[in-house]
Amino acid sequence: MLEGAITLVVGVASFFLMPASAVQTKTWFRPNGWFTERETAIVVNRVLRDDPSKGDMHNRQAITPRRLWHALQDYDLWPVSEIQGSS
């Protein structure tokens, strides 16, 4: 029970404390962010060199309740979720 509670606390804290991306690390409790401007440029360049398709803005779609419901109804993904959950 104690291990589960610790895992829950760490999971919830990481949801709120982790930045959205490497270039969006400034928050109210971390006003300077994690990286300098130069380091941010280096991170972006390395990510784009690794996968050039990430520079395309067509891969960004908001998660809406409707999209989430359709994803949950996709029974082809259920085995993948089960395998990942049992690891």
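**Entry 1: Arg30**

I began at the side chain of Arg30, where a polar atom lies 3.4 Å from the backbone oxygen of Leu17. I count a polar contact when two N or O atoms are within 3.5 Å; within protein, one must be able to donate a hydrogen and the other to accept it, and residues adjacent in sequence count only if both atoms are side-chain atoms. I noted that this is a predicted model, where local features need pLDDT of at least 70, side-chain atom pairs count only at pLDDT 80 or more, and totals for chains, interfaces and linings use all residues. Residues are numbered from 1 along each chain as its sequence is written, and side-chain values use heavy atoms, with hydrogens and water left out.

Next I looked up where Arg30 sits. I found Arg30 in the loop between α1 (2-17) and α2 (37-50). Helices here are DSSP runs of H or I with at least four residues, strands are runs of E with at least two, and both are numbered from the N terminus.

Which residues does Arg30 touch, leaving out those up to four places away in sequence? I found Leu17 and Thr25. Contact means heavy atoms within 4.5 Å.

I then checked burial and charge. Arg30 is buried but has no salt bridge. The nearest side chain of opposite charge is Glu39, 12 Å away. My cut-offs for accessibility: buried is under 20% relative accessible area, exposed is over 50%, and partly exposed is in between (1.4 Å probe, protein chains only). A salt bridge needs a side-chain nitrogen of Lys or Arg within 4 Å of a carboxyl oxygen of Asp or Glu. Lys and Arg count as positive, Asp and Glu as negative; His and the chain ends are not counted.

**Entry 2: aromatic rings**

I counted 2 aromatic pairs. Phe15 is exposed at 63% relative accessibility, and Phe16 is exposed at 60%.

Trp28 and Phe29 also form an edge-to-face pair, because their centres lie 5.1 Å apart with planes at 85°. Trp28 is exposed at 76%, while Phe29 is partly exposed at 32%.

**Entry 3: the whole chain**

I read 4 helices and 0 strands. Buried residues make up 6% of the 87 in the chain.

Notes:
Phe/Tyr/Trp six-rings, centres within 6.5 Å; stacked < 30°, edge-to-face > 60°.
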